[in-house]
Amino acid sequence: MDSAGVARRWLWVSVLGLGLTLTGCRTTGAAAKPGDTANRQVVAFDPVTVTADLELDKLNDEELFAGGTSAFAADDFKQAARYFGRLADFHPNSPHRRQALYNAGLAHQRLKEWDDAYGRFSDLADPEKGQGDALDASFRVAETLYHLERYEEASKLLTTLAARADLPPGRRIEAQVQQGICQVEAGRTDDAEATLRKALAAYDALPDKTEVEDYFPAQAHFFVGEIYRLHYEAVKLEASRGSDGLAQDLNYKAELLLSAQGHYLRSIRVGNGYWATAAGSQIGALYENLYEHMVNSPTPPELNGEEAEVYRQELRKKIRVLLTKSINIYERTLEAAERIGSQSAFVDRTRQSLEKVKSLLLADADTESGEVSVPMPASSAGAKHR
């Protein structure tokens with residue numbers, strides 16, 4: 001059992017002990033005699049096994065703090081959480097307790113133990129008035145709520161932070177951007193777009209943009225792009241609507257793709273390496289996705305055999321353009337990632353997608369070559385090889 005679990009077990013035992021004492025006082029009464037059993041009430045509880053952390057029990061708060069700090073520095077986050085958690089739970093008057101709470105939360109966060117991280121940060125957080133560790137912990141609480149998929153709770157907390165006039169612009173914009181992302185995840189895309197655009201407007205209005213890390217405006221542009229990508233994905237290409245209806249749907253889908261692409265490009269122009277790579281990857285993926293939609297869409301039912309063949313040939317030409325654009329964007333994204341030394345899941349995905357799209361383009365070229373090939377006379381064939 002980790003230190004947090006031990007602490008909770010000890011607290012629970014303490015409560016049970018208090019409950020038994022009070023029950024005994026109420027039920028036996030002052031006039032009860034030792035041999036009188038008429039009014040005696042017996043309260044029975046299931047047996048509870050209490051396990052103490054004997055190794056840490058003998059350490060004082062200074063030793064626990066030193067042990068936790070050493071473990072954290074060595075990336076042993078399990079041990080760090082254990083030491084810091086023990087200090088926070090059993091040394092409430094220690095001058096290190098607040099720092100131990102925060103560090104315990106960080107250790108659990110590194111381990112992706114979001115419930116435990118939430119518990120530690122919540123003990124320290126003060127989103128309405130907090131400064132220093134209390135303010136940082138408030139942002140961390142919102143992050144843990146996000147990972148716990150409690151998006152509305154996270155959004156409400158971030159709204160409180162974003163409304164604080166006493167915070168520097170960078171922190172207010174950070175809160176707004178994170179709030180917008182939680183709204184996206186909660187499915188409230190209209191609210192999310194308004195929140196993200198408000199954050200970007202605040203950023204654009206700053207006379208000194210160095211007050212804000214480029215991470216957050218780049219992230220905001222990226223997620224506005226994500227909103228339009230979601231709208232794009234919601235448009236289905238239905239052949240049953242006929243050629244005119246299909247053309248309208250395709251044009252609308254292309255407009256949404258271009259809108260998403262525009263916001264991704266704005267994210268790239270901010271200059272943050274992580275989000276530039278992510279945005280480039282998403283642009284390539286959009287063209288790849290449109291290719292898949294077009295190549296798999298059935299032929300409009302009103303077209304006869306010859307018309308359907310012409311339709312397919314024209315469609316293939318447009319598809320080839322999409323694949324070429326996707327390859328170009330993927331290659332530029334990887335070049336930028338290599339230049340800045342960026343390593344992320346987006347980079348790995350981009351490499352895989354680039355190879356896939358190149359294969360699709362080659363397959364398309366082979367298909368077209370097979371369709372238009374005509375047997376040639378032997379003399380002509382020989383001349384071609386010379």
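Thr195 is buried, its relative accessible area being 12%, where buried stands for under 20%, exposed for over 50% and partly exposed for what lies in between (1.4 Å probe, protein chains only). The residue belongs to helix H10, which spans residues 189-204; helices here are DSSP runs of H or I with at least four residues, and strands are runs of E with at least two, numbered from the N terminus. Beyond its neighbours within four places in sequence, Thr195 is in contact (heavy atoms within 4.5 Å) with Gln176, Gln179, Gly180 and Gln183, and its side chain makes a polar contact of 2.8 Å with that of Gln183.

This is a predicted model, in which local features need pLDDT of at least 70 and side-chain atom pairs count only at pLDDT 80 or more, while totals for chains, interfaces and linings use all residues. Residues are numbered from 1 along each chain as its sequence is written, and side-chain values use heavy atoms, with hydrogens and water left out.

The protein chain as a whole has 16 helices and zero strands, and 40% of its 386 residues count as buried.

Among these helices, H12 (residues 242-270) and H13 (residues 273-296) pack at an angle of about 165°, their axes lying 8 Å apart. That angle makes H12 roughly antiparallel to H13, since angles over 145 degrees count as roughly antiparallel, under 35 as roughly parallel, 65 to 115 as roughly perpendicular and the rest as oblique. The contact involves, among others, Leu250, Leu257 and Tyr264 of H12 and Trp275, Ile283 and Leu290 of H13.

Definitions and conventions. Axes fitted to C-alpha atoms, helices over the stretch in contact; angles between N-to-C directions. Polar contact = N/O pair within 3.5 Å; in protein donor to acceptor, adjacent residues only side chain to side chain.
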